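Here is a brief report on one protein model. Please keep the sequence and the 3D view open while reading.

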Amino acid sequence: TSSENNKKLIQEAIDDPPPVSLSSYESMVHNPLAQSTTEVPIIKKHGKNRKKVTYRQNWDSDLMINAVLDVINKSQTYRGASTYFNVPRSTLLKKIKKLSKDDKYDPALKNSLGLTQPVFTTAEEKELVSYLQLMEGRLFGFSTVDCRKLAYQLAIKNNKKQNFSHIKQEAGYDWYKGFMSRHPELSLTKPEVTSTARAMGFNKPVVMQFFKLLGELIDSYKFTPDRIYNCDETGISSVPKSKAKILATKGRKQVGSVTSAERGETVTVEMCMNSVGRYIPPLFIFHRQRHNMEFMRNAHPGSYVEFHPSSWMQKSIFERWLQHFVTFSNSSKESPVLLLLDGHSTHTKNIELINLARDNGVILLCFPPHYTHRLQPLDVGLMKPFSVYYDEEITNWLRSHLGEVVNLKHVAEIFGLAFVKAATMTTAMNSFKSTGIFPFNPDIFKDSDFVASDTTNVEPMETIEVSQDKVIVNILDLQTVVTLIQISNPTQTNNIMCTEEIEGGQSNLITSLITPVTKKNTSFPHVSPIDVIPIPQQSYENKQKKKKNTRAKGKTAILTDSPYKNELQQQQLNQTIKLIKKEKSVNKKLFKKPKTKKN
């Protein structure tokens with residue numbers, strides 16, 4: 001019988017252990033630590049850093065699976081597979097016995113060593129890791145405290161044996177540390193602040209529409225990399241927003257750094273570069289009404305200045321900058337250039353700018369709204385290193401000018417020093433490459449980059465036709481299995497809302513409010529992480545309400561095309577007509593004669 005054979009194999013393993021070569025024996029004698037060891041942490045109240053060294057279960061999981069398969073397929077004997085794959089023969093025998101009783105048993109599993117047992121199984125922890133990665137992809141990532149509280153709730157609701165704190169209602173730090181060490185694909189990082197509009201608006205169809213327009217322009221005009229430019233405005237201040245880390249005494253709670261003031265004045269700077277690393281000298285817009293060239297003292301060569309009470313970009317200022325751009329890039333109708341810019345109103349609502357660009361061979365392509373943080377080369381590659389170098393140069397200036405402060409007259413000089421360091425050819429080329437603009441790569445973004453937009457991607461409720469015999473459900477893009485529901489009387493159905501009744505009672509047009517029947521796919525016995533904290537998802541009704549209360553959003557478009565120009569002219573004409581009508585109505589009310597009462 002099989003049990004007698006197994007006993008014989010076990011007895012053979014005890015009587016005749018696998019041979020050990022002389023060289024391996026000598027190496028183990030002279031260096032006992034040469035054998036592979038497994039370090040098992042022992043969690044105690046005192047001495048948490050103590051580790052127990054053991055030689056048990058030092059076999060490889062993949063090799064154990066291969067050994068089991070060879071024995072089952074009768075390719076090798078127990079002894080031969082044990083020697084060939086360097087796995088213990090007794091463990092191999094136990095694995096095959098368990099596998100013969102349970103087909104779902106995993107031979108790669110190892111028993112936990114030590115007194116403590118893991119709270120969650122390997123499959124449950126994998127599901128928890130996938131859930132944390134999904135929430136991070138949707139920009140709702142968990143902190144260490146959130147993760148520990150989630151683990152506590154999962155353990156309690158799934159009746160897991162644990163020693164978590166019931167007072168704090170969270171898992172211990174030791175569990176968190178072990179969880180992170182078991183899953184190196186997770187790491188604790190500081191997130192980048194991203195607005196809701198940017199996070200929820202970055203979806204694949206809009207990105208594909210932008211690359212479609214970009215590809216059509218490159219194919220039509222045969223743009224070379226030195227004819228593809230990107231421009232963008234940024235704000236700089238005499239007091240930098242961020243400070244670099246410095247060396248300080250360990251243990252100090254407050255570490256300071258000298259700045260010119262609590263708050264600084266903002267200066268707008270227009271920067272532009274192409275995909276081969278050529279930079280156009282910047283434009284400065286200072287918060288002044290009168291011209292004062294003292295503000296451009298020791299500025300970057302070729303840069304020029306504008307003054308405005310708001311220090312913001314204006315339509316007239318951008319038109320003058322475009323003339324400067326035409327001169328610098330040598331654009332013409334015979335040799336056109338492509339200029340990529342964002343959807344600011346000074347760019348997209350300016351007829352004079354569009355006419356100037358068309359006359360000088362400048363093709364204007366607008367980015368989709370709230371997409372510049374991923375699609376605009378200047379935002380992706382240049383702005384961050386420039387801000388770091390700008391902070392360094394301000395710190396160096398304060399060190400060399402003791403007792404003085406940085407004011408607006410020093411901004412252009414300090415900007416030039418930082419701009420020379422940040423504006424390199426490699427930075428420009430990598431910026432265009434990472435956005436997929438040049439070399440042209442519309443597949444630069446993966447599906448995981450669009451996960452955050454799934455929170456607001458809500459499909460409208462579909463309509464289905466119901467007969468007296470059965471219901472035929474036709475819903476697209478449904479990832480769950482919908483069962484065919486037999487309905488004998490439509491008036492007694494649950495979760496169905498009738499909207500219209502057709503004469504004769506043959507069929508009804510209803511809105512699909514049927515809850516799809518799904519199969520629970522989770523490793524947890526009772527409650528999964530999604531049940532504890534559901535994945536954020538905007539409802540269809542809320543999205544429709546917001547659409548009614550918001551103004552029309554911008555879109556990616558070729559600004560110099562005739563359809564866009566004609567549409568913009570029509571919009572401005574309609575606005576002019578509305579203003580004229582409004583003025584007439586106001587004048588009528590002002591000069592309206594009062595009614596006189598008849599005697």
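## A buried glutamate

E124 counts as buried because its relative accessibility is 3%. Here buried means under 20% relative accessible area, exposed over 50%, and partly exposed in between (1.4 Å probe, protein chains only). E124 sits in helix α6 (residues 122-137). Beyond its neighbours within four places in sequence, E124 contacts K160, S523, F524 and P525. Contact means heavy atoms within 4.5 Å.

## Basis of the model

This is a predicted model, where local features need pLDDT of at least 70, side-chain atom pairs count only at pLDDT 80 or more, and totals for chains, interfaces and linings use all residues. Residues are numbered from 1 along each chain as its sequence is written, and side-chain values use heavy atoms, with hydrogens and water left out.

Helices (H or I, at least four residues) and strands (E, at least two) are DSSP runs, numbered from the N terminus.

## The sheet

Seven strands make up an open sheet, ordered β6-β5-β4-β3-β7-β8-β13, with mixed pairing. Two strands pair if DSSP finds at least two bridges between them. β6 (304-308) and β13 (557-558) are at the edges; each has a single partner strand, so one side of each lacks a neighbour in the sheet.

Strands β4 (residues 266-274) and β5 (residues 279-287) run antiparallel and are joined by five bridges. E270 is opposite L283 in β5. Helix α11 (residues 315-329) lies across β3 (228-237), β4, β5, β6, β7 (337-341) and β8 (362-366). Helix α11 runs at about 160° to β5. Axes are lines fitted to C-alpha atoms, for helices over the stretch in contact; angles run from 0 to 180 degrees between N-to-C directions.

## Two packed helices

Helix α3 (residues 61-72) packs on helix α5 (residues 89-101) at about 65°, with axes 10 Å apart. The pair is therefore roughly perpendicular (65 to 115 degrees; under 35 is roughly parallel, over 145 roughly antiparallel, the rest oblique).

From α3, M64, A67, V68, V71 and I72 meet T91, L92, K95, I96 and L99 of α5. These contact residues divide into eight nonpolar, one polar and one charged. Ala, Val, Leu, Ile, Met, Phe, Trp, Tyr, Cys and Pro count as nonpolar; Asp, Glu, Lys and Arg as charged; the others, Gly among them, as polar.

## A buried leucine

L568 lies in helix α20 (residues 562-590). At 4% relative accessibility, L568 is buried. Leaving out residues up to four places away in sequence, L568 touches T348, K349, N350, I351 and I354. L568 and T348 are 220 residues apart in sequence, yet 8.7 Å apart in space, C-alpha to C-alpha.
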